[in-house]
Amino acid sequence: MSSTPVDTAVDATARARDLLGVSRLTNSALTAWLHGLPGVDQVGCEARAAALGTRSIKTDSKKWAIDLAISMIDLTTLEGADTPGKVRGLCAKALTPDASDLTAPRPAAVCVYGDMVATARATLGTDSGVNIAAVATAFPSGRASMAVKLADTREAVAAGADEIDMVIDRGAFIAGDYLRVFDEIAEVKKACGSARLKVIMETGELVTYDNVRRASWLSMLAGGDFIKTSTGKVSPAATLPVTVIMLEAVRDWLDLTGEMVGVKPAGGIKTSKDAIKFLVAVNEVAGEAWLDNHWFRFGASSLLNDLLLQRQRMTLGYYSGADYITDDAPSLY
Amino acid sequence: MSRVEVKKTYKLYVGGAFPRSESGRSYEVTDSKGRFLANAALGSRKDARDAVVAARKAQAGWAGATAYNRGQVLYRVAEVMESRKAQFVEEVRAAEGLNPTRAAAAVDAAIDRWVWYAGWSDKFTQVLGGLNPVAGPYFNISAPEPTGVVAVLAPQSSSLLGLVSVVAPVIVSGNTAVVVTSFNRPIPAITLAEALATSDVPGGVVNLVTGNPAEMAPWLASHRDVNAIDLTGVADTDIAWAELERAAANNLKRVRRPLIVDGSAVEPDWTLSPGLNRIESYLETKTVWHPKGK
């Protein structure tokens, strides 16, 4: 982290003014810009997602895809009943995903509530290659004052979080108060310091695909390093069409600004087959550059075990079973 | 004007649903004289895998049901079959080339076999388990428990009686079954699936995959999430079943060998009273010590 604090919020606002071509960033300017984005063709988008899901990925490509998918997982536990033991178990699983095959890659990060970051850090150490992501800003509802949200974020960063997963104020977004959402993201980004910021849009609550597109652009405009579908607490969570829209958004954002933003679908992706469909979409929609855990993540817990089962099947030549793999979130009470 | 014939293309029975084969394949099923009967789904190794997943998912709930309840469910299968008896008789007759009287006898025996096993559901534990005498102030109790997911290679010849005789003893104790049906005579098994689906047997407890056992058996034998395998169906085929036994050793699966007569695997006489032997093949014994007190 640089010792001279950079006022990124000011930067975000200044950049937004530049991009929008206005001299002062107002809600009506944001509204005009976001509502000027092309509408999403719902039927076309769903058909495209379905078509991408039919690709058949075999043998060597599948092996590669499975290892890539494992390396992209944010291994997650976000329960009210999370104990330090469960978080330690989750971290142990991240360090050694498959005790019978140490060549299995580690997931990208563990994702926990802010108060569990210190516990996770103590188990993971600093050189494991596994990051710690903390949800913040009154996750999952986001219904708290700005001061509380910022304090939540700062505490998680101070405790050692490498990444912050924030939720946007969906109420404000749906009510059309885009400037408020923009300011919140920009403020939280400032509070993150060097931690990367993932902006959870909770697409399951945004009603339309047009809103998903607008929320994606708004999040990137305000300085999010990642756009993320969902908290995992609302159904539907990460669907393929929604992810396709987000991938289009980061692709177009790169064209417009030269900056790359990551994408993280979270919730509801449980099987290797599903994960591979998402990877196909990443490659086809955003491009090969995003096939890297710096730019694409899966928010999941049970997905890891299914990937490990498929991996064992490919290594061993026969089907494996749950008895040969540890729990997805083993508890070490 | 004559009516257009309704040609049937049957599907698999997996997890309580009737999916097509993942492979999209089917094959023609003929009667004993080679006349076309229907198309059946030609199951693949991935169908077998999906069936294992469904069986595993259903196993805890089925084993957790009371023995009394499992008995009722098995009896209900007999009831449903009884009301579709005419269809079963016709299909067994066509598949096995039996005369109507013999076919009816086979169907009756198959229905009675469900009733017979239903009766054993809450009794086999008393016979196969018990109190062991030990030198100390303890009760030492052995209780048989289901082993888990059982892969069954159903008999190739006896398309209904043989099938029921290998499936009922697997599920009566709380196991779930992945059954590869008779390759050339799958129609009675498909109708049994329809009977199971409309009885009270929970989805996934019995999964019936039509197709070639030579293709699917090696994958089931080596599958680490399968706890036991019944090799009855290798009789009168050229399947190298010693290889299956070797693959099964990998995760210490229980293996029930086919009946061997004069060095080759043959189908047993299914009309004989079955005894508890088949139930016993798919059980694990749990032994507990309990202080006796005064």
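User: What makes the span of helix α4 (residues 59-71) of chain A close to the expected one?

Analyst: In this predicted model, α4 of chain A has 13 residues and reaches 18 Å from its first C-alpha to its last, close to the 18 Å expected at 1.5 Å a residue, where the expected span is 1.5 Å times one less than the number of residues. Helices are DSSP runs of H or I with at least four residues, and strands are runs of E with at least two, numbered from the N terminus. Residues are numbered from 1 along each chain as its sequence is written, and chains are lettered from A in the order in which they are written. Local features need pLDDT of at least 70, side-chain atom pairs count only at pLDDT 80 or more, and side-chain values use heavy atoms, without hydrogens and water.

User: Why does B:Asp31 count as buried?

Analyst: Buried means under 20% relative accessible area, exposed over 50%, and partly exposed in between (1.4 Å probe, protein chains only); B:Asp31 has 11% relative accessibility and therefore counts as buried.

User: Why is the pair of A:Tyr113 and A:Phe139 called edge-to-face?

Analyst: Rings of Phe, Tyr and Trp (its six-membered ring) pair if their centres lie within 6.5 Å, and planes under 30 degrees apart count as stacked, over 60 as edge-to-face and the rest as tilted. The count comes to 12 aromatic pairs over all chains. A:Tyr113 and A:Phe139 are 5.8 Å apart centre to centre with 75° between the planes, and form an edge-to-face pair. A:Tyr113 lies in strand β2 and A:Phe139 in the loop between β3 and α7 of chain A, so the pair ties together parts that are 26 residues apart in sequence.
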